[in-house]
Amino acid sequence: MTVSAIEYTRLGPPKLRLYAMRCSSCGKLSPWWEKNHCYECGGGDLTHEELAGGGEITNYTVVYYPPRDFLGQEPYVVGHIQMDEDVLLPAPVVDVAPDDVEVGTRVTSTLRRMKLGHEGDIYYGHKFVVE
Ligand SMILES: [Zn+2]
């Protein structure tokens, strides 16, 4: 979830919680962006569930040529984080040299500046730091 400072002011802190979507049919969690269909059973009744923030890197890549909004942050690590609640989320891993990142590394979520918007507005989102 990435939110600009303007949206944050308008919508308030709950928008910036780290959450996933719990399926009422099978009980599995799907990523936060999946609002209508459970990844496991296809069920359509999903509710927000806040995550504690801990997880483990299952794979990652190092970005050397970022999209425009992320210029200046390279090189940076984007990992797949297997959250302790059993849902997989892609997210940047920060405050660590790319060479020091390994599969299996324990990480925890933190709120950071994500990017600069096209009109100069600052976007915040969840990144992960090594525990
Ligand atoms: Zn389901």
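Is aspartate 95 buried or exposed? I will start there and then go through the rest of the chain. Aspartate 95 has 10 C-beta neighbours inside 10 Å, and therefore it counts as exposed. Aspartate 95 is found in the loop between β7 and β8. Its phi is near 60°, which is a positive value in a residue other than glycine.

Before going further, please keep in mind that this is a predicted model. The average pLDDT over the protein chain is 89, and 89% of the residues score at least 70. Confidence is lowest in helix α1, residues 5-11, where the mean is 64. It is highest in strand β5, residues 54-63, at 97.

Now the overall layout. The protein chain has 1 helix and 9 strands. Along the sequence, the pattern reads β-α-β-β-β-β-β-β-β-β. The chain has 131 residues, and 21% of them count as buried. Take the contacts with a separation of 6 or more: 48% of them are between residues 24 or more positions apart.

Next, how the strands pair.

Moving on to strand β5. It pairs with strand β6, residues 76-83, over 8 bridges in the antiparallel sense. In that pairing, tyrosine 60 stands opposite glycine 79 in β6. β5 also pairs with strand β8, residues 106-116, again in the antiparallel sense, over 3 bridges. There, glycine 55 stands opposite valine 107 in β8.

β8 has another partner to mention. β8 and β9 pair in the antiparallel sense over 9 bridges. Arginine 112 has its bridge partner in β9, and that partner is glycine 125. The hairpin of β8 and β9 has 5 residues between the strands, and in it glycine 120 takes a positive phi near 85°.

Which way do β7 and β9 run, parallel or antiparallel? They run parallel, and 2 bridges join β7 to strand β9, residues 122-130. Valine 94 stands opposite valine 129 in β9.

In soluble globular proteins, nonpolar side chains tend to be buried together. In this model the largest nonpolar core has 19 residues, and Ile81 and Val93 touch the most other members. The elements that give two or more residues to this core are β2, β5, β6 and β7 (88-94).

What does valine 93 touch, leaving aside its neighbours within four places in sequence? Valine 93 is in contact with Ile57, Tyr60, Val77, Gly79, Val101, Val107, Lys127 and Phe128.

Valine 62 lies in strand β5. It has 15 C-beta neighbours inside 10 Å, so it counts as partly exposed. Not counting residues up to four places away in sequence, valine 62 touches Pro75, Val77 and Pro98. Valine 62 and proline 92 are 30 residues apart in sequence, and their C-alpha atoms are 9.6 Å apart in space.

One of the contacts of valine 62 is Pro75, and this proline deserves a look of its own. Proline 75 sits in the loop between β5 and β6. The peptide bond from glutamate 74 to proline 75 is cis, with omega near -5°.

Last, back to the aspartates. Aspartate 86 is in the loop between β6 and β7. Its phi is near 75°, a positive value in a residue other than glycine. Why is aspartate 86 classed as exposed? Because it has 10 C-beta neighbours inside 10 Å, and the cut-off for exposed is 12 or fewer. Aspartate 95, where we began, also has 10 C-beta neighbours inside 10 Å and counts as exposed.

That is the end of my part.

Key: Residues numbered from 1 in each chain as written. Predicted model: local features only at pLDDT ≥ 70, side-chain atom pairs only at ≥ 80, totals over all residues. pLDDT = per-residue confidence, 0-100. Helix = DSSP H or I, 4+ residues; strand = E, 2+ residues; numbered from the N terminus. Pairing = 2+ DSSP bridges. Buried ≥ 20, exposed ≤ 12 C-beta atoms within 10 Å, placed from the backbone. Contact = placed C-beta atoms within 7 Å. Core = buried A, V, L, I, M, F, W, Y, C linked by C-beta atoms within 7 Å.
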